[in-house]
Amino acid sequence: QVQLVESGGALVQAGGSLRLSCAASGRTRSFYTMGWFRQAPGKEREFVAAIKWNGSRTTYFADSVKGRCTISRDYAKDTVYLQMSSLKPEDTAVYYCAADPTYSDYRFEKAADYFYWGQGTQVTVSS
């Protein structure tokens with residue numbers, strides 16, 4: 001049984017930093033893409049970042065977080081991290097971890113691309 005558990009969400013001031021973690025269990029070795037999404041109240045879930053488990057460990061970022069976020073994966077610990085800095089109030093949302101076992105370099109930006117989801121962790125940025 002696959003399980004994704006996010007942690008690290010918190011209340012932070014604008015300009016601060018956070019590192020979110022996503023611990024995976026189950027068939028984790030089959031996850032070709034790991035991603036982070038977020039959903040603010042009244043808004044649709046949106047893509048934040050993704051990392052491919054290919055030779056280059058290719059990463060992708062939404063324009064809204066590019067330059068402020070990094071994504072990494074610790075294969076030995078079955079954990080994916082989202083490091084966020086220079087946080088803004090508009091970053092406030094529930095952040096979700098997701099995994100896709102499909103071997104494709106073109107699937108990463110849509111929520112429908114992902115097969116497994118975590119329960120989410122709340123990030124609140126105060127102004």
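Which residues make up the covered face of strand E11, and which the uncovered one? In this predicted model, local features need pLDDT of at least 70 and side-chain atom pairs count only at pLDDT 80 or more, while totals for chains, interfaces and linings use all residues. Numbering starts from 1 along each chain as its sequence is written, and side-chain values use heavy atoms, with hydrogens and water left out.

Strand E11 spans residues 121-126; helices (H or I, at least four residues) and strands (E, at least two) are DSSP runs, numbered from the N terminus. Thr121, Val123 and Val125 lie on its covered face, with Gln122, Thr124 and Ser126 on the uncovered one.

Now for the neighbours of E11. Strands pair if DSSP finds at least two bridges between them. Strand E2 (residues 11-13) runs parallel to E11 over three bridges, with leucine 11 partnering threonine 124. Strand E9 (residues 93-100) is antiparallel to E11, again with three bridges, and here valine 94 sits opposite glutamine 122.

On to the rings. Rings of Phe, Tyr and Trp (its six-membered ring) pair if their centres lie within 6.5 Å; planes under 30 degrees apart count as stacked, over 60 as edge-to-face and the rest as tilted. The count comes to 10 aromatic pairs. Phenylalanine 115 and tyrosine 116 make an edge-to-face pair, 4.9 Å centre to centre with 80° between the planes. Ring pairs also link Phe37, Phe47, Tyr60, Phe108, Tyr114 and Trp117 into a cluster.

Note on methods. Buried < 20%, exposed > 50% of the residue type's maximum accessible area, 1.4 Å probe, protein only.
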